[in-house]
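Here is a short report on one protein model. It covers the core, the strands, a helix and the salt bridges.

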Amino acid sequence: MDIAIIVEGKNDKSRLSRVLVPEVPIYCTFGTLNTDRIETLRKEVGDSHVYLFTDHDASGRRIRGILRDVFPDADHIYTRRGYMGVEGTPEEYLIQQLEKAGLEEYIVYPEPDNPFT
């Protein structure tokens with residue numbers, strides 16, 4: 001896989017994996033980033049193109065700032081202010097943001113409602 005997505009926690013990862021193909025690796029920072037965790041993320045990500053998807057709060061902005069330095073070529077995906085982080089973002093909005101980032105080929109789109117069933 002030539003991409004990797006980094007989120008803050010396991011609930012963010014769980015939420016995002018509902019709208020992405022299983023082959024897309026999603027890594028967690030697990031909160032505060034220390035040197036060991038940063039090095040582990042670097043090794044896990046390898047040469048993949050990184051997408052950062054952190055919460056729209058002070059902690060998310062701080063983590064995004066650190067990761068911006070670690071992965072300067074990363075693309076940034078944002079959730080909307082008012083949602084309870086990535087884990088509280090509606091799937092439709094997650095999909096919109098992933099589409100904006102150009103990740104359509106990795107998205108698992110929900111089945112349209114069939115009024116005849």
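Which residues have the most contacts inside the largest nonpolar core? They are Ile-5, Leu-16, Leu-20, Phe-53, Leu-98 and Leu-103, in a core of 19 residues.

## Basis

This is a predicted model; local features need pLDDT of at least 70, side-chain atom pairs count only at pLDDT 80 or more, and totals for chains, interfaces and linings use all residues. Residues are numbered from 1 along each chain as its sequence is written, and side-chain values use heavy atoms, with hydrogens and water left out.

## Nonpolar cores

A nonpolar core is a set of buried Ala, Val, Leu, Ile, Met, Phe, Trp, Tyr and Cys residues joined through side-chain atoms within 4.5 Å. Buried means under 20% relative accessible area, exposed means over 50%, and partly exposed lies in between (1.4 Å probe, protein chains only). The largest core has 19 residues. Strands β1, β2 and β3 and helix α4 each supply at least two residues of this core. Helices (H or I, at least four residues) and strands (E, at least two) are DSSP runs, numbered from the N terminus. A second, separate core has 14 residues, including Leu-33, Ile-38, Leu-41 and Val-50.

Phe-53 has contacts (heavy atoms within 4.5 Å) beyond four places away in sequence. Among its partners are Ile-5, Ile-6, Val-7, Leu-16, Ile-77, Val-86 and Leu-94. Glu-8, Arg-64, Tyr-78 and Thr-79 also touch Phe-53.

## Strand β1

Strand β1 spans residues 3–7. 5 of its 5 residues are buried, so the strand is largely enclosed by the rest of the structure. Ile-3, Ile-5 and Val-7 cover one side, and Ala-4 and Ile-6 the other. In a regular strand the side chains alternate between the two faces of the sheet.

Two strands pair if DSSP finds at least two bridges between them. β1 runs parallel to β3 (residues 49–54), with 4 bridges. Ile-3 stands opposite His-49 there. β1 also runs parallel to β2 (residues 26–28), with 3 bridges. Ile-5 has Ile-26 as its bridge partner in β2. From β1 the chain passes through helix α1 (residues 10–17) to β2, a right-handed β-α-β crossover. Right-handed means that, with the strands pointing away from the viewer, the path from the first strand over the helix to the second runs clockwise.

## Helix α4

Helix α4 covers residues 91–100. Its buried residues are Glu-91, Tyr-93, Leu-94, Ile-95, Gln-97 and Leu-98. Their cover includes β1, α1, β3 and β4 (75–78). Just after α4, Gly-102 takes a positive phi of about 85 degrees.

## Salt bridges

A salt bridge puts a side-chain nitrogen of Lys or Arg within 4 Å of a carboxyl oxygen of Asp or Glu. The count comes to 4. Arg-15 and Glu-91 form one of them, at 4.0 Å from N to O. This pair links helix α1 to helix α4 across 76 residues. Both Arg-15 and Glu-91 are buried. Glu-91 also bridges to Arg-18, with the closest N and O atoms 2.8 Å apart. Arg-18 sits in the loop between α1 and β2, 73 residues from Glu-91. Glu-91 counts as buried at 19% relative accessibility, whereas Arg-18 counts as exposed at 51%. Arg-15, Arg-18 and Glu-91 are linked in a network.

Glu-39 and Arg-42 form another salt bridge, at 3.2 Å from N to O. Both lie in helix α2 (residues 35–45), 3 residues apart, about one turn of the helix. Glu-39 is partly exposed at 35%, and so is Arg-42 at 39%.
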